[in-house]
Amino acid sequence: DRKQSADVVIIGAGPAGAVAGALLKRKGYRVVILEKQTFPRFSIGESLLPQCMAFIEQAGMLDAVRAAGFQYKNGAAFRYQEQYSFFDFREKFTPGWGTTFQVQRGNFDKILADSAAEQGVSIHYQHEITAVDNRDDGVTVSGLDATGKPFSIAGRFLLDASGFGRVLPRLLALESPSGFPLRQSLFTHVVDHIGDEQHDRNKILITIHPQHRDVWYWLIPFGNGTCSLGVVAEPSFFERYSELKPEARLRTLVQQDPALSQLLAKAEFNQPVREIHGYAANVSSLCGPGYALLGNAGEFLDPVFSSGVTIALKSASLAAEVLDRHLSGDAVDWQQDYAKPLKQGVDVFRVFVESWYDGRFQDAIFYAGANVDIRKMISSILAGYAWDQANPFVSQAERRLNAIVEICRG
Ligand code: FAD
């Protein structure tokens with residue numbers, strides 16, 4: 001049994017863990033990250049939002065991310081039958097970054113983790129956490145390393161950034177049902193051979209299924225002639241195609257939308273088609289004695305607005321600030337100082353996700369009559385600035401959204 005100690009122990013070296021680790025190291029703490037897998041490893045979640053660039057910059061990782069040559073991204077485009085609408089994130093209400101990247105996550109996550117390590121964070125790969133002992137004055141986590149040897153690490157505080165691994169929610173029985181219906185996703189990377197010069201590779205393209213408005217596709221172009229392609233629907237929709245193998249199922253679904261099918265007419269499917277389901281999740285609390293939950297280890301809403309990595313990095317940044325005060329001996333109220341401000345933005349995304357699936361926000365997106373100022377406010381939300389209380393679509397999300405829906409539905 002090997003025992004080590006640190007100021008802060010972090011579970012998971014994904015974006016939330018790597019950024020939190022680097023931020024805390026920069027404040028002078030000894031940080032250890034325990035990561036179950038080896039990097040690079042596949043992860044879904046490839047379309048970033050401009051808001052997350054501020055946190056990458058804060059963590060000293062901007063040069064490394066820029067140097068990787070990822071596909072530039074400046075907005076989001078939406079298609080429904082004959083309608084097309086796009087938002088350019090540089091034209092937005094909230095000040096700050098207006099562009100970002102579309103990233104292959106294996107590579108992106110490795111760059112963030114390597115940068116954290118270069119800054120002095122100690123990362124142990126192939127260390128899976130299986131048990132935790134948490135108290136107000138310190139925590140110990142333990143598990144098995146790649147050779148099957150048990151290890152345990154003690155720290156003054158524990159951050160769970162285990163994403164869909166949901167380590168503390170499981171070990172501490174914090175799981176709570178998501179308010180969203182069960183949805184699932186089928187996706188892959190294709191060599192796209194898109195010849196259409198009108199197609200804008202600098203934007204994610206979200207296509208709404210022509211007959212089922214709660215079913216949608218993503219197309220996220222990368223810089224090397226490939227795209228991430230996926231479809232999201234409720235399980236009952238996918239069950240109609242259960243006799244088909246995943247690739248045939250995805251191809252069939254793409255063919256159901258004429259514009260997408262035309263765009264991808266020459267696409268080569270040369271990667272495995274994967275499925276993920278039951279990803280929407282919540283917890284009864286984001287903090288407790290000696291610990292806090294970051295990113296997807298806390299709540300995950302829905303992929304439609306590509307908000308996952310942004311929320312993960314916002315949580316890392318907020319937690320690092322609060323934890324710095326906590327470890328310096330200040331009295332902090334994690335619920336008030338961490339969970340509440342984080343949830344404010346998450347709840348804004350929740351309003352937009354709900355209204356996406358009931359059709360209200362889809363109508364607002366395609367409403368050509370919206371004035372420039374309103375479009376800038378919506379653009380800000382889509383760019384990830386869901387914590388900017390100066391934006392009426394943040395401070396009064398439901399009310400402002402309903403007002404515009406009333407106008408566009410005449
Ligand atoms: P992760 O990136 O999941 O990292 C967690 C890490 O913890 C992993 O490396 C894992 O190996 C490690 N771990 C797990 N268990 C243990 C353990 N027991 N011990 C040690 N380590 C452990 N987000 C976007 O921003 N843009 C998108 O376009 C987007 N599309 C999505 C599409 C779909 C279908 C889904 C389901 C999600 C999508 N997301 C998207 C969300 C995105 O995938 C996540 O929000 C994001 O990866 C969360 O980052 P994280 O750091 O919290 O966790």
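This report walks through the ligand shell, the strands and some of the helices of the structure above.

The model is predicted, so to speak of local features a pLDDT of at least 70 is needed, side-chain atom pairs count only at pLDDT 80 or more, and totals for chains, interfaces and linings use all residues. Residue numbers start from 1 along each chain as its sequence is written. Helices (H or I, at least four residues) and strands (E, at least two) are DSSP runs, numbered from the N terminus.

**Around the ligand**

Let's start with the ligand. Its shell holds 38 residues, and Gly14, Gly163, Gly165, Gly295 and Gly308 come nearest; a residue is near if its C-beta atom, placed from the backbone, lies within 6 Å of the molecule. The elements giving two or more residues to this shell are α1 (15–26), β8 (127–135), α9 (295–298) and α10 (308–327). Helix α10 gives the most, with four residues. By type, the shell divides into 18 nonpolar, 16 polar and four charged residues. Here Ala, Val, Leu, Ile, Met, Phe, Trp, Tyr, Cys and Pro count as nonpolar, Asp, Glu, Lys and Arg as charged, and the others, Gly among them, as polar.

Phe300 sits in the loop between α9 and α10. Why does Phe300 count as buried? Because Phe300 has 23 C-beta neighbours inside 10 Å; the cut-offs are 20 or more other C-beta atoms within 10 Å for buried, 12 or fewer for exposed, and partly exposed in between, with C-beta atoms placed from the backbone. Leaving out residues up to four places away in sequence, Phe300 touches Tyr279, Ala280, Ala281 and Gly308, where contact means C-beta atoms, placed from the backbone, within 7 Å.

**Strands**

Seven strands form an open sheet with mixed pairing, in the order β5-β4-β13-β14-β15-β12-β16. At its edges are β5 (83–88) and β16 (274–277), each pairing on one side only. From one strand to the next, the twist averages 20°. Helix α7 (residues 246–255) lies across β12 (184–191), β15 (226–233) and β16, and runs at about 90° to β12. Axes are lines fitted to C-alpha atoms, for helices over the stretch in contact, and angles run from 0 to 180 degrees between N-to-C directions.

Two strands pair if DSSP finds at least two bridges between them. Two such pairs are set out here.

| Pair | Sense | Bridges |
|---|---|---|
| β4 (75–80) and β5 | antiparallel | six bridges |
| β2 (31–34) and β7 (122–124) | parallel | three bridges |

Val32 has Ser122 in β7 as its bridge partner. In a regular strand the side chains alternate between the two faces of the sheet. Both faces of β2 are covered, with Val31 and Ile33 buried on one side and Val32 and Leu34 buried on the other.

**Helices**

Which residues of α2 (residues 51–58) are buried? They are Gln51, Cys52, Met53, Phe55 and Ile56. Their cover includes α1, α3 (62–67), β6 (100–102) and α10. After α2 comes Gly60, with a positive phi near 75°.

Further along, α11 (residues 334–357) and α15 (residues 397–408) pack at an angle of about 30°, with axes 9 Å apart. In this contact, Val348, Val351 and Ser355 of α11 meet Ala397, Glu398 and Leu401 of α15. These residues divide into four nonpolar, one polar and one charged.

How values were computed. Contact = placed C-beta atoms within 7 Å.
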